[in-house]
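Here are some notes to read with the model open beside you. Take the points in order and find each residue as you go.

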Amino acid sequence: MRPVTEGELDVVHGDILYIEDLSVHFGTFRAINALNLYVRDLELRCVIGPNGAGKTTLMDVITGKTHRRNARIDGQVFLGQALDALTHSEAQIAQAGVGRKFQKPTVCEHLAVWENLELTQSGSRHWWHHWRARLDAGQKARIQAVLEQIRLEDSAFRLAGELSHGQKQRLEIGMLLMQQPRLLLLDEPAAGLSDEETAELADLILGLRGQCAMLVIEHDMDFVARLAGETGLVSVLAEGALLAQGTLAQVRTDPRVMASYLGRG
């Protein structure tokens, strides 16, 4: 296996994520079914679909959590031009520039907001490296810039455990930004947020456009509408396959989508 250089994703041909004819089986259960999906570099793509559509499995495959040792996988998943996600580990994929945020925020609650960001800055991923090293001016400036991006500069020295749910969501995104990802995967980031927190999170994500590519899985259609706008692509999954794709207005009026997802309840 060719070694992966940290931060390496070759996007010379424009696509940062290339998925073709992907099928994933866990025993007799088929979680992904002949899926084709392509995401351009710096694109913000929203993915929607009912429960059981394969959305989380898709993220697990992209990040190397699900691989050929624990599932039967057919097809291709490439990150950039050359990195085969099906032959690399979670750590290698992360080092190549892929960051993932799970639905439930995972922050170090006993540490201050600043310390959470310090521990996850790009460079050595070993925690002891950060505790032993002194931050230089550039690193401090980077942390300050991310604090401002996630609108937590006034909470920099508060314990993360004291933050609201929405603030923790933004902090975790900030922790990923410290690693300067090329592709950011966000799994239902608006879940459990108030209307005000949802609006703040949407503004944060929209502010990241042009900084990295983003794949956002979400159920909140108002949130998707804010992110996608009138022209952004929305991909709809159902039973592990790509059911429809287009602008939000297009997929909302697609009879297949209305029957499978949007029309429910």
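1. Let's start with a pair of charged side chains. Lys101 and Glu172 form a salt bridge, with N and O 3.1 Å apart. Lys101 belongs to strand β6 and Glu172 to helix α6, so this bridge ties together parts that are 71 residues apart in sequence. Are these two residues buried or exposed? Both Lys101 and Glu172 are buried. Do keep in mind that you're looking at a predicted model.

2. Helix α6 covers residues 165-177, which is 13 residues, and at 1.5 Å a residue it should span 18 Å. The C-alpha atoms at its ends are 19 Å apart, which agrees with that expectation.

3. How many of the 13 residues of α6 are buried? The count is 12, so the helix is largely enclosed by the rest of the structure. Among the buried ones are Gly166, Leu171, Ile173, Met175 and Leu177, but also Lys168, Arg170 and Glu172. And what do they pack against? Their partners are β6 (98-101), α3 (113-119), α5 (137-149), β7 (183-187) and α7 (195-207).

4. Glu109 pairs with Lys168, and their closest N and O atoms are 2.9 Å apart. Glu109 sits in the loop between β6 and α3, while Lys168 is in helix α6, so the pair links parts that are 59 residues apart in sequence. Have a look at how the two partners compare in accessibility. Glu109 has 42% relative accessibility, so it counts as partly exposed. Lys168 has 14%, which is under the 20% cut-off, so it counts as buried.

5. Arg170 and Glu200 form a salt bridge, with 3.0 Å between the closest N and O atoms. Arg170 is in α6 and Glu200 in α7, so this pair ties together parts that are 30 residues apart in sequence. Arg170 counts as buried because its relative accessibility is 5%. Glu200 comes out at 23%, so it counts as partly exposed. If you tally salt bridges over the model by the same rule, you get 10.

6. How do α6 and α7 lie relative to each other? Their axes come within 9 Å and cross at roughly 15°. That angle is under 35 degrees, so the two helices are roughly parallel. The crossing is right-handed. On the α6 side, the residues that meet α7 are His165, Gly166, Arg170 and Ile173. On the α7 side they are Glu197, Glu200, Leu201 and Leu204.

7. Stay on α7 for a moment, where you'll find Ala199. Its relative accessibility is 24%, so Ala199 counts as partly exposed. Now find Phe223: the C-alpha atoms of Ala199 and Phe223 are 7.8 Å apart, although 24 residues separate the two in sequence.

8. Last stop: Ser155, in the loop between α5 and α6. Is Ser155 buried or exposed? Its relative accessibility is 9%, so Ser155 counts as buried. Leaving out residues up to four places away in sequence, Ser155 touches Val113, Leu163 and Gln167.

Methods. Residues numbered from 1 in each chain as written. Predicted model: local features only at pLDDT ≥ 70, side-chain atom pairs only at ≥ 80, totals over all residues. Heavy atoms only, no water. Helix = DSSP H or I, 4+ residues; strand = E, 2+ residues; numbered from the N terminus. Expected span 1.5 Å × (residues − 1). Buried < 20%, exposed > 50% of the residue type's maximum accessible area, 1.4 Å probe, protein only. Contact = heavy atoms within 4.5 Å. Salt bridge = Lys/Arg side-chain N within 4 Å of Asp/Glu carboxyl O. Axes fitted to C-alpha atoms, helices over the stretch in contact; angles between N-to-C directions. Parallel < 35°, antiparallel > 145°, perpendicular 65-115°, else oblique. Left-handed = near helix turned anticlockwise from the far one by under 90°.
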